[in-house]
Amino acid sequence: TMQCIYCFFKDKFQNELKMKDRQFRFELELKEYKKKFIKSLGEVCSCSECINKHKFSKNVLAQFDEVSTDVKSKKEYIAEVFDQIINVYMLYISKNHISAFIGLENFLKKYSNNYTTINTIQMCKPMFRVRPLGSYDKKNICEYFHIPFTKRYNVGNQRYSMTGIPMSYMAETLQIALDEVEKGIEEVNIALFVPRFSCFYQKGMYDVSNTISGALDTIIVESTQNSSISYDNAIYTFSKKNMDKIIADYILYQILQFPTNSNTKGVFIQEYVLPQMMMEMIQNQDGYVGMQYQTSKFREYPNEGEVHKVPNLNYCFFIPYIEENDYNKNLLNDFFFVIYNEDDADINDEKLQQRIDSCHKHCKEAQSKLYLVDEYRHYITQVEMYIKKTTLINLTYDKSKVYKVERALFYKFLGLLDEIISNPEKNNFMKIEA
């Protein structure tokens with residue numbers, strides 16, 4: 001089948017390459033993946049001949065063909081990047097953890113882009129946390145935050161966290177959170193967290209995601225707005241001159257996200273070696289509060305074509321150690337949080353909109369008294385954007401219980417905000433110095 005460069009870089013296609021002929025030894029799978037990657041890249045056709053009949057504009061076609069030609073000319077470099085990453089894994093299984101760690105560090109220094117960070121603004125948005133039903137106190141927010149330090153022995157092995165080290169995992173949408181724990185909405189308790197801008201100011205998250213697909217989507221979107229920039233430019237990160245590092249980051253990302261193999265998922269999980277090491281590397285660097293990565297549980301949305309960017313992110317927060325408490329309450333208070341109760345009233349769109357309007361109105365009032373309200377306006381806009389985006393990609397979404405729960409949580413969260421914005425004096429808002 002003829003695939004173009006746009007389809008080649010998509011996770012869906014890369015996962016098909018990885019899932020073909022699984023082996024018992026991960027090092028052999030990585031070598032196979034390298035071969036398949038390079039072979040398929042050689043077979044990439046022009047977007048105009050692609051089996052997926054894209055309706056790209058002439059301008060986009062020309063740019064994508066330029067990217068395609070450039071990437072195809074880098075086969076030797078791509079092979080070298082694969083070899084370097086495979087070598088890190090080989091050091092782990094043939095020498096020791098320390099040699100591998102140093103190997104990864106050197107790889108990142110030489111090949112990686114340091115653009116792979118998301119900033120505070122990008123991080124301060126709704127995040128969902130679900131927990132399968134159980135005998136815990138579901139009204140206590142700590143139960144949703146992280147496994148307590150007293151139960152460290154229960155912290156299992158996850159792709160981006162080591163046994164025994166509590167972390168807090170959250171998801172960009174409620175649906176992703178459910179997919180991650182493989183449960184239906186009736187089988188979990190649910191909380192909404194929103195990082196507070198003022199608490200996470202000047203901190204960031206390391207971003208493990210498909211930056212190439214993201215950049216190609218941006219090119220498509222921008223072409224519809226008649227602003228186009230050539231691939232060979234000196235302004236944007238995504239450009240011909242940066243492509244070597246972008247490709248290296250891309251290959252590393254694809255290997256970090258390698259799907260696990262049910263035949264080899266034992267006490268030791270081969271596919272987790274590199275992601276966990278990556279996590280250790282970030283944890284030792286200043287300014288990072290955690291990591292954002294794409295979910296490996298892919299979901300098709302009925303109306304995906306309309307929106308190039310479908311929600312697909314998970315967030316993992318480091319939990320700094322403290323001795324005097326079972327939970328890190330200081331970190332917890334860096335978030336706004338609300339818990340869903342079964343007896344929460346149903347919130348229809350109109351009711352939610354009234355609350356959004358009320359928040360905007362109180363922002364205006366506070367602003368007229370010279371209080372700084374930008375941070376709060378950002379949260380309200382995030383909720384509005386969330387609703388717009390999720391409704392757009394899934395047209396039957398408003399019939400679902402997921403939709404109902406999100407509405408109820410947003411309603412409560414906006415209630416918290418409204419309370420704060422209505423009393424700027426009491427809540428120590430900063431004032432614009434007149």
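Predicted model: local features only at pLDDT ≥ 70, side-chain atom pairs only at ≥ 80, totals over all residues.

I found five bridges joining strand 4 (residues 188-195) to strand 8, and the two run antiparallel. Four of the five residues of strand 8 (residues 335-339) are buried, so I noted the strand as largely enclosed by the rest of the structure.

Next I turned to helix 12. I then checked cover: 12 of the 14 residues of helix 12 are buried, among them Met243, Asp249, Tyr253 and Leu256.

Then came the salt bridges; I count 18. Lys10 pairs with Asp217, with the closest N and O atoms 3.4 Å apart. Lys10 sits in the loop between helix 1 and helix 2 and Asp217 in helix 11, so the pair ties together parts 207 residues apart in sequence. I was curious about cover here too: Lys10 is partly exposed at 24%, while Asp217 is buried at 8% relative accessibility.

Lys401 and Glu342 also meet, at 3.6 Å from N to O. Lys401 belongs to helix 17 and Glu342 to the loop between strand 8 and helix 15, so this pair links parts 59 residues apart in sequence. Glu342 is exposed, at 53%.

Last, I jotted down a network of salt bridges that links Arg22, Glu29 and Glu271.

Notes: Residues numbered from 1 in each chain as written. Heavy atoms only, no water. Buried < 20%, exposed > 50% of the residue type's maximum accessible area, 1.4 Å probe, protein only. Pairing = 2+ DSSP bridges. Salt bridge = Lys/Arg side-chain N within 4 Å of Asp/Glu carboxyl O.
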